[in-house]
Amino acid sequence: MELAQLLPTTIHRAGRSFEQGELAFLALTSKVERPFLDRLSYQLYKSLDQSTYTVAREFPVLRGVRADIAVLKGSLLLTVIEAKAMCTADCTREEGLRREYPDLLRADLQRYAACGIDGLQVFSLLLGTHLLVPPAKHLTSVVKYRRLLTHAFHTHLTAEAIRQAADDNLERFLRPETRLTSGLITGGSAFGVPVELLWWLYGPFPCSGELAILRPALPNPQMQPTNAVRPELL
């Protein structure tokens, strides 16, 4: 089994498994990580030979460590997938806040450093809710982080500029050689807001020593205009 080849296709299948507008609704009103991982794990379950492989959610790997998705062959743990969800507008925040999700990816990986499981490979999946237009003001209590999302459009003006800012931000903090691939899933529309789900897949990382995903010398990103103001978060 070569999961590095199977995962990108399976991620897209998971995205297509939602009803029209369902993914947009979930991404706007909640953290999309859990429902998407539910669909991704089921697609993996269907894609792999069930007589040979077992796909599990929230699988206990070590004491106090549960994998978001785990793939086993018999009793042997082969692969772990850890995921985090952000919105692309997170990459328009103040300098010190733009490193939050790269640091969270690293923290997830470090839980498996020197875990002593021979042959175990870990993938890191980052999901990014990406709005194509700003949400209306009356949706403040409905759309999660509406003020931050609106501020991103004030700062970068277009959805394409916000997307580029997000990708640039990840490249500034994460080792480029660790990115396996990336993609885009069309989420449909909810509340009159069209939504895409961007994704970045990193790995596989072997569990031997430090699982290095961050750049060794991090630059100070200069992505916001000098007149940008701090967004008012929910």
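Asp103 counts as partly exposed at 31% relative accessibility, where partly exposed lies between buried (under 20% relative accessible area) and exposed (over 50%), with a 1.4 Å probe and protein chains only. The structure is a predicted model, in which local features need pLDDT of at least 70 and side-chain atom pairs count only at pLDDT 80 or more, while totals for chains, interfaces and linings use all residues. Residues are numbered from 1 along each chain as its sequence is written, and side-chain values use heavy atoms, with hydrogens and water left out.

The side chain of Asp103 meets that of Arg99 in a salt bridge (2.9 Å, N to O); the term denotes a side-chain nitrogen of Lys or Arg within 4 Å of a carboxyl oxygen of Asp or Glu. Arg99 is also partly exposed, at 31%. The structure holds ten salt bridges. Among them is the pair Glu22 and Arg39 (3.0 Å, N to O). Glu22 belongs to helix α2 and Arg39 to helix α3, so this pair ties together parts that are 17 residues apart in sequence. Helices (H or I, at least four residues) and strands (E, at least two) are DSSP runs, numbered from the N terminus. Glu22 is partly exposed at 25% relative accessibility, and Arg39 is partly exposed at 25%.

Another salt bridge joins Arg175 and Glu177, with the closest N and O atoms 3.7 Å apart. Arg175 is partly exposed at 23%, whereas Glu177 is exposed at 58%.

Three aromatic pairs are present, defined by ring centres of Phe, Tyr and Trp (its six-membered ring) within 6.5 Å, with planes under 30 degrees apart counted as stacked, over 60 as edge-to-face and the rest as tilted. Phe18 and Phe36 form a stacked pair, 6.4 Å centre to centre with 15° between the planes. Phe18 lies in the loop between α1 (3–16) and α2 (22–29) and Phe36 in helix α3 (residues 33–47), so the pair ties together parts that are 18 residues apart in sequence. Both Phe18 and Phe36 are buried. Tyr42 and Tyr45 form a stacked pair, at 6.0 Å and 25°. Tyr42 is partly exposed at 46%, as is Tyr45 at 37%.
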